[in-house]
Amino acid sequence: MYKQKRKNNRFATAQKQAIYIDHGPNSLVDKEYPTRLNFYQKPPPADITIEEFEMLALDRLQVLKTVENASLRNRQGNEYKAELDRAAEKHLPMHSNLSRSSDLYNERRNDHISHFVLRLAYCRSEELRAWFVRQECALFKFRFENESAEERKLFMTTLDLSWATLGADEKERIRDKLEACCSWSMNKLGPAGIRKYVDGETYFKVDFEKVPELVSRRSAYVSKGKAYVPMAEQISLLMDEFRIYLEKALDATAKVLPVMQEDDRLKPILLNIEKYYVGKDYGAEGSTSGDVSAKDVDGLVRHHAPLCMKNLHNNLRRDKHLRHGGRMQYGLFLKAIGLSIEEALVFWRMAFSSMTDDKFRKDYAYNIRHNYGLEGHRKNYSAYSCSKIIMSNPPSTGDHHGCPFRHFSNSNLESRLHNEGLGPADVRDIMNLVKDKHYQVACTRYFEVTHQKENADTIEHPNQYFEQSKALIQAPEDAMEIE
């Protein structure tokens, strides 16, 4: 990655306009990032390490997933803003010029780099590109709408947009049409107020297909294929420009990706970034309490386990056996809820009751001890995250591992949800989420319905589900003890 010099007066003008902000030690901000808004038209001006490459990609991915979840869960207004602000502050902070933060340059550099890394990772297929464009557009819109008017104007001066400004004579000629469009949203102003608004507003003339949202709500006058858009509605124009540019950039990136993947250091990151999980490491060394016994498992799973683990448990009880994929997924889950190695050996031996002690010892005990880091390379394995369960090792005939929301047939899943006691409306909501491939949000909705808990945290790990479920049961008892 390298720096590119600005080669025209437009960027020189932007630099001059940015000088009014005194950044002190952050003078590079004025040169590279006059505002925190970015169209990402140039490569990041820096060399980075492989560790930073991966870390920044994961940070941005967490923000984009928060954007997606907030949208899917219909967060609006202050609730939407609060959710995105929390994610940004934790993973990818971006303070305004007015904050006078001493770290503005690094924040904007990290934002710039992380966008380009994910652009590389998400250009590999049409489905990945569509997801990335959708979330990046939503993030850009959120940032633009929450930026100050002064910094919006400064950002606009850095863009080379082919928007034709409506002249005074033409504006007067179609004044009645422009005023009619305003009346839909400004009827409280009255005729005189609307006339004053049109007099003081700047209008752009663009191809009408660039602003379908404005046309649909009658906020723009359309004539001979052109839409007349007021400056106040520039976000619709800007979003269209951002989307078109990003789609073209992803297509271009896809063509050079094979060269990038020749680097063995980058290849595993670019191919697997969407599968990464960066939350709590359940079941890792030091995180297993060991306070769950074999006899506790039935009750704990029945009351607190997610659907994937209930499915494994029920099939284990029925068949007195699980194949390797199921034993790994379920065994590591049980390890993470507090089942010690001693109790795990008891649990699995009782579960495999149809076989002899000798066969169990020879064929299964070693693998159980291996998961606890007591055999082989002595690696202490962590429980599988939702992303790993959904995107790795899909089940085949006779297998019971995987995610029910991802791997069950629609009829099987719908029947299972009804058997769990969910009503028709809730089942319909969950099945719609599954249809749109929002499997973790579907699991979260299942949690909310079965626990009568609104606005639960998005489920990213089966053991997170388990902990949240237990916390809801324990909370009233804790409250009583405090009183």
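How many helices and strands does the chain have? The chain has 24 helices and four strands. The legends below describe close-up views of this predicted model.

**View 1. The chain as a whole.** Besides its 24 helices, the chain has four strands. There are 483 residues, and 47% of them count as buried. Among contacts with a separation of 6 or more, 67% are between residues 24 or more positions apart.

**View 2. Helices H3 and H4 pack against each other.** Helix H3 covers residues 50–72 and helix H4 covers residues 77–91; their axes are 9 Å apart and the packing angle is about 170°. An angle over 145 degrees counts as roughly antiparallel, and H3 and H4 are therefore roughly antiparallel to each other. On the H3 side, the contact is made by Asp-59, Gln-62, Val-63, Thr-66, Val-67, Ala-70 and Ser-71. These meet Tyr-80, Glu-83, Leu-84, Ala-87, Ala-88 and His-91 of H4. Sorted by class, the contact of H3 with H4 has seven nonpolar, four polar and two charged residues.

**View 3. Lys-90 in helix H4.** Lys-90 is placed in helix H4. Is Lys-90 buried or exposed? Its relative accessibility is 67%, so Lys-90 counts as exposed. Gln-62 is 28 residues away from Lys-90 along the chain, and the C-alpha atoms of the two are separated by 9.4 Å.

**View 4. Helices H14 and H16 cross.** The axes of helix H14 (residues 297–304) and helix H16 (residues 324–337) come within 12 Å, and the crossing angle is roughly 95°. Angles of 65 to 115 degrees count as roughly perpendicular, and H14 and H16 are therefore roughly perpendicular to each other. Val-297, Leu-300 and Val-301 of H14 make the contact with Tyr-330, Leu-334 and Ile-337 of H16. By class, the residues of this contact are six nonpolar, no polar and no charged.

**View 5. Two nonpolar cores.** Nonpolar side chains tend to be buried together in soluble globular proteins. The largest nonpolar core in this model has 60 residues. Which residues have the most contacts inside this core? They are Tyr-330, Leu-334, Phe-347, Trp-348, Phe-405 and Leu-417. Leaving aside residues up to four places away in sequence, Phe-405 touches Leu-307, Leu-413, Leu-417, Ile-430, Val-434, Tyr-439, Ala-442, Cys-443 and Tyr-446.

**View 6. An open sheet of four strands.** The four strands form an open sheet with antiparallel pairing, in the order E1-E2-E4-E3. Which strands are the edge strands? They are strand E1 (164–165) and strand E3 (221–223), each of which pairs on one side only. E1 is joined to strand E2 (residues 203–207) by two bridges, and Ala-164 stands opposite Lys-205 in E2. E2 and E4 are joined by five bridges and run antiparallel. Phe-204 has Val-229 in E4 as its bridge partner. E3 is joined to strand E4 (residues 226–230) by three bridges, and Ser-223 stands opposite Lys-226 in E4.

**View 7. Two loop residues with a positive phi.** Most residues other than glycine have a negative phi. Arg-218 is not a glycine, yet has a positive phi of about 60°. The loop that holds Arg-218 lies between helix H11 (212–216) and E3. Arg-218 has a relative accessible area of 47% and is partly exposed. Asn-455, also not a glycine, has a positive phi of about 55°. Asn-455 is found in the loop between helix H23 (439–451) and helix H24 (462–482). With a relative accessible area of 44%, Asn-455 is partly exposed.

**View 8. Thr-253 in helix H12.** Helix H12 (residues 234–260) contains Thr-253. Buried means under 20% relative accessible area; Thr-253 has 11% and is therefore buried. Which residues does Thr-253 touch, not counting residues up to four places away in sequence? Thr-253 touches Arg-119, Leu-120 and Cys-123.

Technical notes. Residues are numbered from 1 along each chain as its sequence is written. This is a predicted model: local features need pLDDT of at least 70, side-chain atom pairs count only at pLDDT 80 or more; totals for chains, interfaces and linings use all residues. Side-chain values use heavy atoms; hydrogens and water are left out. Axes are lines fitted to C-alpha atoms, for helices over the stretch in contact, and angles run from 0 to 180 degrees between N-to-C directions. Angles under 35 degrees count as roughly parallel, over 145 as roughly antiparallel, 65 to 115 as roughly perpendicular and the rest as oblique. Contact means heavy atoms within 4.5 Å. Ala, Val, Leu, Ile, Met, Phe, Trp, Tyr, Cys and Pro count as nonpolar, Asp, Glu, Lys and Arg as charged, and the others, Gly among them, as polar. Buried means under 20% relative accessible area, exposed over 50%, partly exposed in between (1.4 Å probe, protein chains only). A nonpolar core is a set of buried Ala, Val, Leu, Ile, Met, Phe, Trp, Tyr and Cys residues joined through side-chain atoms within 4.5 Å. Two strands pair if DSSP finds at least two bridges between them.
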